[in-house]
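Biologist: I am new to this one. Can you show me how to read its features, one at a time?

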Amino acid sequence: MQESTYAALKQVIKDRIGLDLDLYKGQQMRRRLDNFVTQHGGEDEGVWLRSLATDREELAALRDMLTINVSEFFRDFAQFETLRTKVLPDLLATRSTMSIWSAACSNGQEPYSLAITLDEMGATGRYRLLATDLDRAVLAKAQAGGPYIANDVRNVSAARKQQYFAQDGDQLFVKPALRSRVTFREHNLLADSYGANYDLIVCRNVLIYFSPEAKNEILRRFQAALKPGGVLFIGATEALLGADAKGYKALGGNFYQRTEESAVRGMVA
């Protein structure tokens, strides 16, 4: 892809999709866009680029590629066990109700995994669970409770499948009772407000795609959105080190607690 095409495409993505690619890791994003343009652009990149102004399907395909919707139920199962046996019991012991945010929730597997865990702990009615994502298409699937395929539920036991899912051929759907416990909403981590007073924020396998500056800003805003003592749950390939860890206490695994005594690194935006 020519540099002029890349610059113009970044502007289209910012204007039409709401993503500022300068806040993502540059080389990684450039490679993905190069591959996409090679597959979709044809012989004239300029003609293809101009088509994005009117071709909704092509713009949607570009958006899907950029938003990286890869997930599964109980992804990194050992971490969910730590959540179930240590983190959630400690939070529930000091709170009558909990406010939970599953950020960048993709197709809904993560917030539904949280809801299943809380249900099995007998915490139904003691939490509010908000799940957000930038991609409207994946949010629609999440709100509908599926469909999900076998690979999505490979970490779900037979007993859990029977209790929380309905089978339709080779597809599974989350049952209405569990769906009702999650509220889904469109949200852009780089542009929209974060809210406040969360006891648990779950944002996994997302921070690795951002530039160091954008990652630090997201972590600052997560910290501001957490109550003192609230917990941030990140992905298995992510860690808070150096400046990123300021104001957080490592709990082990992929869990970090907002410290009681720390001054928040800025106001909630």
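Biologist: Is Cys105 buried or exposed?

Modeller: First, the general idea. Buried means under 20% relative accessible area, exposed means over 50%, and partly exposed lies in between, with a 1.4 Å probe and protein chains only. Cys105 has 1% relative accessibility, so Cys105 counts as buried. One caution before we go on. This is a predicted model, where local features need pLDDT of at least 70 and side-chain atom pairs count only at pLDDT 80 or more, while totals for chains, interfaces and linings use all residues. Residues are numbered from 1 along each chain as its sequence is written, and side-chain values use heavy atoms, leaving out hydrogens and water.

Biologist: How many disulfides does the structure hold?

Modeller: A disulfide is a pair of cysteine sulfur atoms within 2.5 Å. Here the count is 0. Cys105 is in no disulfide, and its nearest cysteine sulfur, in Cys203, is 10 Å away.

Biologist: Next, helices. How many residues does α6 have, and how far does α6 reach?

Modeller: Helices (H or I, at least four residues) and strands (E, at least two) are DSSP runs, numbered from the N terminus. The expected span of a helix is 1.5 Å times one less than its number of residues. Helix α6 covers residues 109-120, which makes 12 residues. From first C-alpha to last, α6 reaches 16 Å, close to the expected 16 Å.

Biologist: Is α6 mostly covered or mostly open?

Modeller: Mostly covered. Of its 12 residues, 11 are buried. Among them are Gln109, Tyr112, Leu114, Ile116 and Leu118. After the helix comes Gly122, with a positive phi near 75°.

Biologist: Where does Ile100 sit, and how far is Ile100 from Ala115?

Modeller: Ile100 is in strand β1, residues 98-102. Ile100 is buried, at 1% relative accessibility. Ile100 and Ala115 are 15 residues apart in sequence and 10 Å apart in space, C-alpha to C-alpha.

Biologist: Now charges. Which residue meets Glu110 in a salt bridge?

Modeller: A salt bridge is a side-chain nitrogen of Lys or Arg within 4 Å of a carboxyl oxygen of Asp or Glu. By this rule the structure has 13 salt bridges. Glu110 pairs with Arg204, at 3.8 Å from N to O. The pair links distant parts of the chain, 94 residues apart: Glu110 is in helix α6, and Arg204 is in the loop between β6 (198-202) and α10 (212-225). Glu110 is buried at 8% relative accessible area, and Arg204 is buried at 6%.

Biologist: What is the partner of Asp119?

Modeller: Arg181, with the closest N and O atoms 3.0 Å apart. These two also link distant parts of the chain, 62 residues apart: Asp119 is in α6, while Arg181 is in the loop between α9 (176-179) and β5 (182-186). Asp119 is buried at 18% relative accessible area. Arg181 is partly exposed at 26%. Elsewhere, salt bridges that share partners join Glu3, Arg30 and Asp34 into one network. Within it, Arg30 and Asp34 have their closest N and O atoms 3.4 Å apart. Both lie in helix α2 (residues 26-40), 4 residues apart, about one turn.

Biologist: What about empty space? Which residues line the second largest pocket?

Modeller: Rolling a probe the size of a water molecule over the atoms shows where empty space is left. A pocket is found on a 1 Å grid over the protein atoms alone, as an open set of points where a 1.4 Å probe fits, with protein on both sides within 12 Å along at least five of seven lines; lining residues have an atom within 4 Å of a point. The lining here includes Arg16, Arg56, Leu59, Asp135 and Glu186. The elements giving two or more residues are α1 (3-17), α4 (56-67) and α7 (136-144). The largest share, 5 residues, comes from α4.
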